[in-house]
Amino acid sequence: MTPSFPSGRELTRAASLQGFRDAGLIILAYIPFGIAMGAALATTGVDPWLIISSSVVIFAGASQLAGIELLGAGAGILLVVVTIGVINARHLLYSASLEPHLADWPRGLRMLGAFLLADPVYALAIARFERPGGAGARSEQYGYFFTAGLTCLVGWTGLTTAGVFLGGLIPDDIPLGLAVPLTFLLLLLPLVKDTSGAIAAIVGGIVALVARGLPLGLSTLVGAAAGLVAGGLLFWWLHRGDPRGSEDDADAGPAHG
Amino acid sequence: MVDAIAILLGGLVTYLTRVLFLVSKKLRPPRSVKRYLPLVGPAVLGSIAIPGLIAPGGEIAFATTVPSVVAALAAWSAWRLARKQMVVGLVVGLAVWWGIFWLMGVVGWG
């Protein structure tokens with residue numbers, strides 16, 4: 001009996017389906033936050049269709065919340081754009097982190113993929129690329145990344161729309177507020193593969209917690225920087241005698257250690 | 001019109017942060033930094049998740065912090081036991097969280 005191996009098309013379809021499932025679960029967890037955000041933004045006086053379109057154009061909840069609330073309060077364009085830019089500055093780290101994995105993609109697809117690089121899409125993508133078997137052939141990578149990203153984009157826009165038009169009808173005595181931080185915890189866990197990663201996460205979290213009073217969502221940025229320094233220092237110390245330490249190979253990084 | 005321009009420019013700035021290191025193979029992170037890039041995920045996601053779990057609603061208080069930390073530990077344990085199935089971790093975490101609130105209501109701590 002000849003063993004039958006799945007064809008490339010079947011593998012791509014399986015990867016796309018997995019991307020849809022993973023992103024769908026995240027959208028489910030985002031239901032309370034997405035609807036609450038849409039409902040809150042609907043009271044700012046900003047055109048509801050602009051609020052909804054911000055979910056497509058910006059596609060980053062915390063910065064949409066801050067930017068549109070500022071617009072509603074009469075702030076100028078410059079302040080709104082700078083606020084959004086500061087809150088989303090962490091995405092610079094995402095593009096740097098994914099670059100080694102997407103280096104072989106055509107430029108057009110890298111630039112298209114960047115549009116979808118919101119927090120959960122990054123977390124799903126990096127976990128997929130760093131799993132033991134990798135992310136598979138190029139077509140499987142495209143299938144997973146773009147299906148997960150588009151599912152998140154469409155789902156997030158749908159939740160914002162529901163919040164804008166129906167938010168006021170939903171009872172607020174159903175406690176769901178922990179769904180989003182729990183989701184991020186579960187997205188974080190597969191990425192912690194060694195002590196340096198654990199220290200980066202713990203220090204990042206504690207510093208962001210202590211800095212939570214900072215404006216413009218800066219606490220996340222400050223926490224991430226502290227976590228990177230702490231985890232990086234530990235990684236450097238643990239590998240200071242390692243001859244690979246002087247190599248220029250990204251594969252020698254902590255996630256593969 | 002002003003609102004629409006602000007949102008469009010906000011989207012453009014956001015896109016630039018996401019695309020910067022992906023736009024050209026010449027514009028890559030320095031090689032000495034590349035080894036540390038796998039720490040980006042844990043550092044950023046830890047900065048998002050941990051404050052939300054320890055200080056739900058922005059404040060650290062016994063009545064809210066203890067249930068969410070216990071729920072997080074339950075989610076983590078369930079995720080490990082269920083061979084890293086995210087959905088299991090999420091459902092167990094939320095169920096434990098609601099259960100603790102229910103118990104606190106029963107004993108009059110809520």
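**Helix α9 of chain A**

Helix α9 (residues 179-188) of chain A has 10 of its 10 residues buried, so it is largely enclosed by the rest of the structure. Buried here means that 20 or more other C-beta atoms, placed from the backbone, lie within 10 Å of the residue's own. Helices are DSSP runs of H or I with at least four residues, numbered from the N terminus.

This is a predicted model, in which local features need pLDDT of at least 70, side-chain atom pairs count only at pLDDT 80 or more, and totals for chains, interfaces and linings use all residues. Residues are numbered from 1 along each chain as its sequence is written, and chains are lettered from A in the order in which they are written.

The buried residues of α9(A) include Pro181(A), Thr183(A) and Phe184(A). They pack against α1 (8-42), α7 (119-129) and α10 (195-210) of chain A, and against α3 (40-54), α4 (62-81) and α5 (86-106) of chain B.

**Interface between chains A and B**

Contact (C-beta atoms, placed from the backbone, within 7 Å) links 85 residues of chain A with 64 residues of chain B. On the chain A side, helix α5 (residues 91-102) gives the most, with 11 residues.

**Domains of chain A**

Chain A is assigned domain 1 (8-176) and domain 2 (192-257); the bounds come from an automatic or database domain assignment. The domain centres, taken over C-alpha atoms, are separated by 24 Å. Domain 1 of chain A puts 10 residues into the contact and domain 2 of chain A puts in 8. On the domain 1 side, α4(A) has the largest share, 3 residues.

Terms used. Contact = placed C-beta atoms within 7 Å. Helix = DSSP H or I, 4+ residues; strand = E, 2+ residues; numbered from the N terminus. Buried ≥ 20, exposed ≤ 12 C-beta atoms within 10 Å, placed from the backbone.
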